[in-house]
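Please keep the structure open beside the text.

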Amino acid sequence: MKTLAYSFYGLNDSVQRLVGSLLPIALLLGRLYVAWVFFKAGLTKIDDWGTTLFLFEEEYSVPLLSPEFAAFLATFGELVFPVLLVIGLFSLVSSLGLFVINIVAVISLEAIAPAAELYHVVWGLILMGLAMCGPGLFSLDKLIRARLRGDYAAN
């Protein structure tokens with residue numbers, strides 16, 4: 001019986017190592033997907049700024065901010081943070097910034113369709129994972145961190 005348990009745990013460990021080796025690819029795909037979603041939303045906002053301002057004045061109830069400032073911040077965040085996320089630069093700030101934008105988007109709408117709410121939950125979970133795990137192997141953050149550690153080691 002002990003041998004069978006060892007075999008199962010050995011198999012489990014092997015599969016865990018295989019899945020773990022795919023983490024850098026999963027983090028990259030998560031970054032690309034979320035960045036694409038938010039960047040596209042930012043492009044839509046700048047495409048028709050008049051409509052964007054109207055929506056922030058009439059439809060969205062962003063707490064504590066004027067509609068104009070909220071529209072500017074949302075658009076800025078949706079255009080800048082995704083670019084940083086794609087290249088993996090300042091990934092923690094970018095993922096947390098988009099996480100906040102995502103939360104504000106959900107709470108600022110009086111009524112949100114269940115399907116849309118589900119998308120926001122998925123995006124939030126991906127962003128939370130990126131904030132917790134970091135951008136992964138394929139990122140400028142990783143390259144810069146390795147370079148800085150190398151430079152510190154040389155001094």
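## How α4 and α5 cross

The crossing of α4 and α5 is left-handed, a term used when the near helix is turned anticlockwise from the far one by less than a right angle, with clockwise giving right-handed. The two axes come within 9 Å and cross at roughly 145°. Axes here are lines fitted to C-alpha atoms, for helices over the stretch in contact, and angles run from 0 to 180 degrees between N-to-C directions. Helix α4 covers residues 67-87, and helix α5 covers residues 91-108. Helices (H or I, at least four residues) and strands (E, at least two) are DSSP runs, numbered from the N terminus.

Before going on, a word on the source: this is a predicted model, in which local features need pLDDT of at least 70 and side-chain atom pairs count only at pLDDT 80 or more, while totals for chains, interfaces and linings use all residues. Residues are numbered from 1 along each chain as its sequence is written, and side-chain values use heavy atoms, with hydrogens and water left out.

## Who meets whom

Which residues of α4 meet α5? They are Ala 74, Gly 77, Glu 78, Phe 81, Pro 82, Leu 84 and Leu 85. Their counterparts in α5 are Ser 91, Val 93, Ser 94, Ser 95, Gly 97, Leu 98 and Ile 101. Contact means heavy atoms within 4.5 Å.

The residues of this contact of α4 with α5 divide into 8 nonpolar, 5 polar and 1 charged. In this count Ala, Val, Leu, Ile, Met, Phe, Trp, Tyr, Cys and Pro are nonpolar, Asp, Glu, Lys and Arg are charged, and the others, Gly among them, are polar.

## Lys 45 and its partner

Glu 78, one of the α4 residues that meet α5, also has a polar contact with Lys 45, side chain to side chain, at 2.8 Å. A polar contact is a pair of N or O atoms within 3.5 Å; within protein, one must be able to donate a hydrogen and the other to accept it, and residues adjacent in sequence count only if both atoms are side-chain atoms.

Lys 45 is found in helix α2 and, at 14% relative accessibility, counts as buried. Buried means under 20% relative accessible area, exposed over 50%, and partly exposed in between (1.4 Å probe, protein chains only). Not counting residues up to four places away in sequence, Lys 45 touches Thr 52, Phe 56, Ala 74, Thr 75 and Glu 78.

## Aromatic pairs

Across the whole structure, a search finds 4 aromatic pairs. In one of them, the rings of Phe 38 and Trp 123 have centres 5.8 Å apart and planes at 65°, so the pair is edge-to-face. Rings of Phe, Tyr and Trp (its six-membered ring) pair if their centres lie within 6.5 Å; planes under 30 degrees apart count as stacked, over 60 as edge-to-face and the rest as tilted. Phe 38 lies in helix α2 (residues 23-47) and Trp 123 in helix α6 (residues 114-133), so the pair ties together parts that are 85 residues apart in sequence. Both Phe 38 and Trp 123 are buried, and together with Tyr 119 they form one aromatic cluster.

Phe 72 and Phe 76 make a stacked pair, with 6.1 Å centre to centre and 25° between the planes. Both lie in α4, 4 residues apart, about one turn of the helix. Phe 72 is partly exposed at 46% relative accessibility, and Phe 76 is partly exposed at 42%.

## Residues in the loops

Leu 64 has phi near 70°; Leu 64 sits in the loop between α3 (49-58) and α4 and is exposed, with a relative accessible area of 89%. For Phe 90, phi is near 50°. Phe 90 belongs to the loop between α4 and α5 and counts as exposed at 52% relative accessibility.

What about the loop between α6 and α7 (140-154)? Ser 139 is found there, and at 9% relative accessibility Ser 139 counts as buried. The side chain of Ser 139 reaches the backbone oxygen of Gly 136 at 2.9 Å. Leaving aside neighbours within four places in sequence, Ser 139 is in contact with Arg 31, Ile 87 and Gly 88.
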